[in-house]
Amino acid sequence: MPGSPAGLRYGLNMLVDQHSYGILHADLGLGTFETHLAAAERGSAVTGATDEDHGGGGVPRSGSFFDGPTGLAVRHWCPPLLGLEAHCSPARYLARRRELGAYTAGRALLRGSGISCFLFESGDPREPWPCSDVHGLSSAVELAAAAAGLVRERVSLEVLAGQVADTSGSVRAFVRNAAEALHAAAPGAVAFTCVARFREEQPPGLHEVQRAAERWLRARAGQRPGTVSAGVSGGDPLGQDGCAVQAEPVLVRHLLWSAFVTRRPVQLLCGDPAPLAGFLRSVRGLGTDVVLLTQRPHHRVAARLAAAHPHVYADVGPCPAETLAEAPFGKLLFSSGARALPELYVVRARTFVREMQKLLAQWVVDGGCTDADAARIARQISRGTARRVYGLEDATAG
């Protein structure tokens with residue numbers, strides 16, 4: 001395969017990506033592409049970017065994000081997958097991308113990433129408009145076809161709350177419908193996801209939940225002119241500005257505790273996971289696995305929490321040498337967090353493979369483990385633990 005990483009001696013292929021979103025359908029000019037590179041550097045998402053936005057949205061007024069870490073990695077790994085030499089100029093790369101067309105280029109990139117199974121979420125709860133259709137992002141079916149891989153869907157509790165609010169005319173109906181929606185979604189969900197921005201260790205009381213729901217539904221109803229019925233605002237599943245469900249953390253906590261009843265794995269998207277230590281202790285006996293999806297530089301903290309709790313797992317992060325020093329190897333999983341640009345799948349998967357290969361090879365040379373040990377560790381982190389935690393026995397072999 002052109003551009004495939006060499007020396008996969010430890011079986012670091014057929015990756016399971018536990019945290020992914022859709023990709024853009026459209027051909028991209030330099031401005032739009034750099035805007036999404038900027039978002040990748042910041043660990044955030046960009047909405048509604050156009051080529052006229054070049055110079056805004058985090059794109060530097062001088063220089064280029066192609067000269068940043070993510071941009072250099074794109075230039076290293078991606079051009080060979082499109083029939084070009086590595087480190088060709090950004091202009092030449094994007095011209096080739098447009099020549100092939102967005103779908104063909106995206107297909108080549110996804111299939112060259114080494115990822116065989118994607119745990120996909122159609123909406124990003126950190127955005128004001130998390131619906132994939134708004135941005136022209138691929139659906140789960142479209143991603144599976146382009147990647148020639150398996151796709152399993154994750155369900156965002158925040159997005160689910162917005163969908164329930166749009167069909168609930170009262171606070172009591174919202175609380176009831178939210179519980180029913182969670183149980184209805186559980187059989188088809190590989191996991192529930194939640195943005196964790198709280199410190200509380202116990203679930204909120206019913207009256208507290210009802211007051212928070214009343215405030216939130218009123219805020220949503222007042223967001224659009226002519227809307228008079230609380231909870232029937234339509235359209236945006238999260239609301240905008242102060243109407244995002246995160247504005248009422250009591251509701252987020254209520255939904256999260258409700259999700260634990262379903263016994264589906266729960267992914268917690270967080271910056272620093274340290275404030276969640278008490279909460280993780282509280283849910284220890286509920287029979288539900290928790291996976292911490294954190295951001296740099298907090299992966300080591302997440303690995304320590306995974307080591308401390310039998311039901312907690314963590315993202316291995318961009319520096320496996322750090323996280324593998326903090327937790328049993330079977331508690332760490334790969335994820336890309338990729339969104340919008342198919343190049344990000346390639347960059348993050350290839351970087352993970354490269355760093356793991358370097359680390360394991362050094363361990364073998366130093367006598368720290370055998371080749372057989374290294375291969376077993378690689379299988380666990382790249383796919384084995386994900387298969388077990390998320391119930392993906394049919395997703396990939398190995």
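Guide: Angles of 65 to 115 degrees between axes count as roughly perpendicular, a cut-off to keep in mind for this predicted model.

Visitor: Why are helix 7 and helix 9 called roughly perpendicular to each other?

Guide: Helix 7 (157–165) and helix 9 (residues 206–221) pack at an angle of about 70°, with their axes 11 Å apart, and an angle from 65 to 115 degrees is what the term requires, so the two helices are roughly perpendicular to each other. Their contact brings Ala161, Gly162 and Ala165 of helix 7 against Trp216, Leu217 and Arg220 of helix 9, and by class it has four nonpolar, one polar and one charged residues.

Visitor: What makes helix 9 and helix 10 oblique to each other?

Guide: Helix 9 and helix 10 (residues 249–261) pack at an angle of about 125°, with their axes 8 Å apart; roughly perpendicular ends at 115 degrees and roughly antiparallel begins over 145, and the pair is therefore oblique. Helix 9 contributes Glu208, Val209, Ala212, Ala213 and Trp216 to the contact, while helix 10 contributes Val250, Leu251, Arg253 and His254, which by class gives six nonpolar, one polar and two charged residues.

Visitor: How do you know that the length of helix 8 agrees with what its residues should span?

Guide: Helix 8 (residues 171–185) has 15 residues, which at 1.5 Å a residue should span 21 Å, and because its end C-alpha atoms are 21 Å apart, the two values agree.

Visitor: Which elements do the buried residues of helix 8 pack against?

Guide: The buried residues, including Phe174, Val175 and Leu182, pack against helix 7, strand 4 (191–195), helix 9 and helix 10.

Definitions and conventions: Residues are numbered from 1 along each chain as its sequence is written. This is a predicted model: local features need pLDDT of at least 70, side-chain atom pairs count only at pLDDT 80 or more; totals for chains, interfaces and linings use all residues. Side-chain values use heavy atoms; hydrogens and water are left out. Axes are lines fitted to C-alpha atoms, for helices over the stretch in contact, and angles run from 0 to 180 degrees between N-to-C directions. Helices (H or I, at least four residues) and strands (E, at least two) are DSSP runs, numbered from the N terminus. Angles under 35 degrees count as roughly parallel, over 145 as roughly antiparallel, 65 to 115 as roughly perpendicular and the rest as oblique. Contact means heavy atoms within 4.5 Å. Ala, Val, Leu, Ile, Met, Phe, Trp, Tyr, Cys and Pro count as nonpolar, Asp, Glu, Lys and Arg as charged, and the others, Gly among them, as polar. The expected span of a helix is 1.5 Å times one less than its number of residues. Buried means under 20% relative accessible area, exposed over 50%, partly exposed in between (1.4 Å probe, protein chains only).
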